[in-house]
Amino acid sequence: MADELEARAAETRPLLGKFVMQGQSTMIYAAPNTGKTLVVLKLCLDAIDAGHIDPSKLYFVNADDSSQGLADKLRLMDDAGANMLAPGFKGFRSDQLAAIMTEMIDEGLASGTCIVLDTMKKFTDLMDKKRSSEFAQVCRQYVMASGTIVALGHTAKNPNADGSPRYQGTTDILEDFDAVYVGQPITSKRRPDVRGASFSKKKCRADSPETVAYAYTAKSGVSYPEKLASVLPIDPDDLDDYATESDEVSDPPVMNAIVRRLQAGSTDGKMALAKAVAKECGVSHRAAIEVLERYTGDKPFTHLWNFQKGPRGVRVYRLIDQRKPGD
């Protein structure tokens, strides 16, 4: 079978963007709301437009969405001539997927196809070594039959020691898949209405880039198709213009933005205040919360503001008097 295997190896080329290779299994981890589904869906549609894949051979298995989200994505896939499966529709169930993939392998139908699994945990238990290993083996057989697998998963709540995101589950997927990328959200330092996702390579069996990143609009009121159309790759040389949650945030700009809002009489609660300041300063929501909490208290020169609980327990912040008692 040397000739056949060499032919398959020669067909290994970028399929989705520059990092998802044809005829391989790729696992993409990122926290919820990072934009991984948005990015992958855009790459799927770009691959169809570029003629890299027959749309009838693209299967997006959507098992992690709301009814509105499913409707938006289904319309996009319909217009492109691609396929979308969702548990509960047309009699499809998540636990049927492995059997369907095996049937496609046996009947010679896997070749040239691409299956996107969103998200992986809907089809196997990532915390169960035996079950995740069994499903990974089905994926391995599928790519050996010249199919392509792209699976999306969540990162763990607790990051690595260096603050970088950590994949969730046992090591079986990491060991059995051809490529693994772990993503994290990024925010433009110059344009607070632009966000994105940066994906770092943890493993690969091809000449894949170390890091890929994509930006998209974060303007409120933008429809899903508009947001999808805004997805663009970020040149590696331009990544310095984006900040990650693990980046060190300079306190003074965030502090000053909070002070200005409180002086103007803001009655926003904690989350709303942090969100507004994050957008103004071009930092992550989490970083703004950390600064807000760091300077909350009643001690002048140590703290800048405190809060009182308003209706429904909302924290209403107020600047504190910076004079020491007795001054």
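A residue is called buried when its relative accessible area is under 20%, exposed when that area is over 50%, and partly exposed in between, as found with a 1.4 Å probe on protein chains only. The model is predicted, so local features need pLDDT of at least 70 and side-chain atom pairs count only at pLDDT 80 or more, while totals for chains, interfaces and linings use all residues. Residues are numbered from 1 along each chain as its sequence is written, and side-chain values use heavy atoms, with hydrogens and water left out.

Phe-199 is buried because its relative accessibility is 1%, and Phe-19 is buried as well, at 2%. Helices and strands are DSSP runs numbered from the N terminus, where a helix (H or I) has at least four residues and a strand (E) at least two. Rings of Phe, Tyr and Trp (for Trp the six-membered ring) form a pair if their centres lie within 6.5 Å, and the planes count as stacked under 30 degrees apart, as edge-to-face over 60 degrees and as tilted otherwise. By this rule there are five aromatic pairs. In one of them, Phe-19 and Phe-199 are stacked, because their ring centres are 6.2 Å apart and their planes stand at 15 degrees. This pair links distant parts of the chain, since Phe-19 is in the loop between strand S1 (14–16) and strand S2 (20–21), whereas Phe-199 is in strand S9 (residues 194–203), 180 residues apart. Together with Tyr-181, Phe-19 and Phe-199 form one aromatic cluster.

Another pair, Tyr-295 with Trp-305, is edge-to-face, because the ring centres are 6.3 Å apart and the planes are at 70 degrees. Tyr-295 is in the loop between H10 and S13, and Trp-305 is in strand S13, ten residues apart. Trp-305 is buried with a relative accessible area of 0%, and Tyr-295 is buried with 17%.

A nonpolar core is a set of buried Ala, Val, Leu, Ile, Met, Phe, Trp, Tyr and Cys residues joined through side-chain atoms within 4.5 Å. The largest such core has 37 residues, of which Leu-58, Val-150 and Phe-199 touch the most other members. Helix H2 (residues 36–49) gives the largest share of this core, nine residues. Contact means heavy atoms within 4.5 Å; leaving aside residues up to four places away in sequence, Val-150 touches several residues, among them Leu-16, Val-40 and Ile-115.

The next topic is a pair of helices. The axes of helix H8 (residues 251–263) and helix H10 (residues 285–294) come within 10 Å and cross at roughly 75 degrees. H8 is therefore roughly perpendicular to H10, a term that covers angles of 65 to 115 degrees, with angles under 35 counted as roughly parallel, over 145 as roughly antiparallel and the rest as oblique. In this contact, Asp-251, Val-254, Met-255 and Ile-258 of H8 meet Ala-288, Val-291, Leu-292 and Arg-294 of H10.

The backbone comes last. Most residues other than glycine have a negative phi, and most peptide bonds are trans. Lys-90, however, has a positive phi near 55 degrees; Lys-90 lies in the loop between strand S5 (83–85) and helix H4 (97–106), and is exposed because its relative accessibility is 90%. The peptide bond from Asp-118 to Thr-119 is cis, with omega near -5 degrees, and Thr-119 is in the loop between strand S6 (114–118) and helix H5 (129–144).

Methods
Axes are lines fitted to C-alpha atoms, for helices over the stretch in contact, and angles run from 0 to 180 degrees between N-to-C directions.
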